[in-house]
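Subject: Structure for you, with notes

Hi,

Here is the structure I promised to pass on. Have a look at it first, and then read my notes below.

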Amino acid sequence: MTQTGTGGVTQTGTGAATQTGTAVVVGADGFLGRATVRALELGGVPVTQFTRQRSFLAVGAPPVADADTIFWLVSSIRPATASAGSATADLEAARTLLDLLDTPGARGRRRVVVVSSGGTVYDPTGRPPHSERSPVAPVNAYGAAMLALEELVRTRAPQCTVLRVANAYGAGQPARRGQGVLAHWLDRIAAGEGITVIGGDHLARDYVHVDDVARALVAVHHARAAPDLLNVGSGTGTSLGELVDLVRATVAPAEVRVQHEPAREFDAPSTWLDVSRAAQELGWRPRTTLAAGLAATWDAVRAGS
């Protein structure tokens, strides 16, 4: 367990001053967890970090239950590998965390913040962009698992915020097929290998830089009364064809060999998010363009980081 940062007063997205408070990040060694810890520390927020090697289960209630905000950024499943029962371990771990928050006498507002999927929970028959009011109808087991996590936290934590995040990308993302298409593509290109486009070139997705997601999470921490549900994405759809063109321009003069495969059974159709509520409630907007984010990610891949 590590604690970093100093206290103080900061500004919320809407301009109202609030105490910095304290934060716990469960999953601090993950892609999003690392970015969130960096963003919190830059804002002077004292952070307690828990990882796979340093579990909150081994520490007990006080470091968790006494925090002002608990970020649950743990997930062991991916869209390509999710099944009806694969989320059981994640849900049980989240339930254990919520049990700790029932510790008598625990102080603080104890806001619980979880990250869900903005690309797999909304009804695919609805026309994008999807807002927080759009109907949900998961297209695969991964989306169903995310909704189960949302429901668990809403039931157990009086003050909670769910962030439905689009396809996050950026430096340090594991290059795994089935999740994180840009990390996977750039890793293969750097190795001199071809990339695979799954689905038609017209299929559109919402890509948001990990630093923008981290800023949204920090904005929730600072907000006096954060909404219970927020979309976090770029707010625009980028087709697979457009994405390939952007990647070609980013990695030039490296060669990009493309192989096409049909969409998989668990793949969602075109989808992207309406992020206007985050702007209205938190003053948050995405800052990183896809072109700029890709360039920075490619630089990191070539540097081996």
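The chain has 9 helices and 15 strands. Keep in mind that this is a predicted model. Of its 305 residues, 49% are buried. The accessible surface is about 13400 Å², and carbon and sulfur atoms account for 51% of that. If you take the contacts between residues at least 6 apart in sequence, 79% of them join residues at least 24 apart.

Now the nonpolar cores. The largest one holds 42 residues, and the members touching the most others are Val25, Leu40, Phe71, Leu163 and Leu217. The elements that put two or more residues into this core are β4 (23-26), α1 (31-42), β7 (111-117), α4 (141-156), β8 (160-165), α6 (210-222), β13 (229-232) and α8 (276-282). Of these, α6 gives the most, with 8 residues.

To get from β4 to β5 the chain passes through α1, in a right-handed β-α-β crossover. Strand β5 (residues 47-50) is covered on both faces: Val47 and Gln49 are buried on one side, and Thr48 and Phe50 are buried on the other.

What about β7, is it enclosed or open? 7 of its 7 residues are buried, so β7 is largely enclosed by the rest of the structure. As for its partners, β7 pairs with β6 in the parallel sense over 4 bridges, and Thr69 has Arg111 in β7 as its bridge partner. β7 also pairs with β8, again in the parallel sense, over 6 bridges; there, Val114 stands opposite Val162 in β8. Together, β7, α4 and β8 make up a right-handed β-α-β unit.

Last, the aromatics. How many aromatic pairs turn up in a search of the whole structure? The search finds 2. In one, the ring centres of Phe50 and Phe56 are 6.5 Å apart with the planes at 80 degrees, so that pair is edge-to-face. The other is Phe56 with Trp72, which is edge-to-face as well, at 6.1 Å centre to centre and 75 degrees between the planes. This pair links distant parts of the chain: Phe56 sits in the loop between β5 and α2 (61-65), while Trp72 is in strand β6 (residues 69-72), 16 residues apart. Phe50, Phe56 and Trp72 form one aromatic cluster. Are its members buried or exposed? With the cut-off for buried at under 20% relative accessible area, Phe50 is buried at 1%, Phe56 counts as buried at 5%, and Trp72 is buried at 3%.

Cheers

Technical notes: Residues numbered from 1 in each chain as written. Predicted model: local features only at pLDDT ≥ 70, side-chain atom pairs only at ≥ 80, totals over all residues. Heavy atoms only, no water. Core = buried A, V, L, I, M, F, W, Y, C linked by side-chain atoms within 4.5 Å. Buried < 20%, exposed > 50% of the residue type's maximum accessible area, 1.4 Å probe, protein only. Right-handed = clockwise from strand over helix to strand, strands pointing away. Contact = heavy atoms within 4.5 Å. Areas by Shrake-Rupley, 256 points an atom, 1.4 Å probe, with all protein chains shown as cover. Phe/Tyr/Trp six-rings, centres within 6.5 Å; stacked < 30°, edge-to-face > 60°. Pairing = 2+ DSSP bridges.
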